[in-house]
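Please go through the structure below with the text that follows.

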Amino acid sequence: MYALIDCNNFYASCERVFNPSLVGKPVVILSNNDGCVIARSNEAKAVGVPMGAPAFEYRYLFERQGVAVFSANFALYGDMSKRVMTILSDYAPIQEIYSIDECFLDLSNMPVDLREHGLKMRKQVFLWTGIPVSVGIGTTKALAKVANNIAKKFTERTGGSYVIDTEEKRINALKWLAVEDVWGIGRRNAKKLHARGVKTAYDFSLLSRSLVMNTMTIVGARLQDELNGIPTLEMEPVELKQSIATTRTFENEYWKYDEVKERVCTFAVSCAQKLRQQHSLCTKVEVFIQSSRFREGDAQYANSVVVKLPFPTSSSIEIVNFAVQGLDIIFKTDIGYKRAGVVLMEFVPDNEYQPSLFFNSDPKHARLMQAVDRLNDKYGTKIRLAAMDKRTHKMHQEKLSPKYTTNLKDIIQVKL
């Protein structure tokens, strides 16, 4: 048996934890630079705010309907996710974190009442974090997803926890679920299936194997098996990333070299921190810069370069130096740059690296980076390279909520 635990309207729920006056009101979260809607509460959906809605086009609707609008606070959401996942990890021997707001648990052979086990998870997560979750349990991961949809849709009846553990429940659930809402189907495949008269997940489960293979290849065939109660998707361990990128669109056009250089340095440091977290070293650094796409003619410019390193490293100092070398190659004057990024590639584990006779990372940097990471983890980003600006992410974020759990200055104060 597998459980799929999903945080309900996660980004909006995180904002509500620290601002209870938002409960029951429409809430939307905007993308980087406050561009478009990336998350909505149920109340926001009800007043007609679509996913991906451009913020400037819907500002009058926001005002008219009393929609609370927030800039994406990824520091807060990431920390709250970590807290939720840590709590859930105690409920099963194997956990697979699927996304920032979802995880699978392997409940096989656990001597518990599965529905009650799900209700207990839900209660503890809400009590300890304030985040509401829904729990779906089934004999396969795909059926756990279906069960989760039912738990969330009919919370009053299910209590937020639903188990598909009989053939009758499986068939009824698949007949209820529209085929476009099946995990892994997608819009394009849903259109193809609709053209063949397939309307529900149950219709899909009855299709011939050859037809599914022709329409959706082996991926669709495995999904069909899953919906029919045949496990084909195993629990997956957390895999190390094969590349790490930090890219941003600037709040304004940058014309000066020093302005673009500062951004590239900051992005390189961010990548290096993530690289050290997975105990890897990189051997290549890519840097790209790009002017505004809305400029016409020769004013548009985009370029990238890959710098091959003489030795593997995870040192922020060394990675920044190599990134700046790449920037020097592609930077052109008299151009207004709107976007830039740094990508680290081709990793080796930091405990398997064989030093070279002539070219190696400075051995002092490893301990220095460990000390910097510990201090920054504890106190926030206090230690930075001189080439970096104090503001790590220069984005247009007019409606950013405080970093309640990751910055001591933003911690909630209670007056007695």
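Leucine 408 is exposed, at a relative accessible area of 66%; exposed means over 50%, buried under 20% and partly exposed in between, with a 1.4 Å probe and protein chains only. Leucine 408 sits in the segment after helix H14 (363-379). Helices (H or I, at least four residues) and strands (E, at least two) are DSSP runs numbered from the N terminus. Together with Leu375, Tyr379, Ile383 and Ile411, Leu408 forms a nonpolar surface patch with about 480 Å² of accessible area. Patch members have over 30% relative accessible area and no salt bridge, and nonpolar side chains (Val, Leu, Ile, Met, Phe, Trp, Tyr) are joined within 5 Å, like charges within 9 Å. A salt bridge is a Lys or Arg side-chain nitrogen within 4 Å of an Asp or Glu carboxyl oxygen. Areas come from the Shrake-Rupley method with a 1.4 Å probe, and for residues only the protein chains shown count as cover.

The model is predicted: local features need pLDDT of at least 70 and side-chain atom pairs 80 or more, while totals for chains, interfaces and linings use all residues. Residues are numbered from 1 along each chain as its sequence is written, and side-chain values use heavy atoms, without hydrogens and water.

The axes of helix H4 (residues 74-88) and helix H5 (residues 114-129) come within 10 Å and cross at roughly 140°. H4 is therefore oblique to H5, as angles under 35 degrees count as roughly parallel, over 145 as roughly antiparallel, 65 to 115 as roughly perpendicular and the rest as oblique. Axes are lines fitted to C-alpha atoms, for helices over the stretch in contact, with angles from 0 to 180 degrees between N-to-C directions.

Most residues other than glycine have a negative phi. Asparagine 109, in the loop between strand S6 (102-106) and H5, has a positive phi of about 65°. Asparagine 109 is exposed, at 80% relative accessibility. Asparagine 9 has a positive phi of about 45° and lies in the loop between strand S1 (2-7) and helix H1 (10-18).
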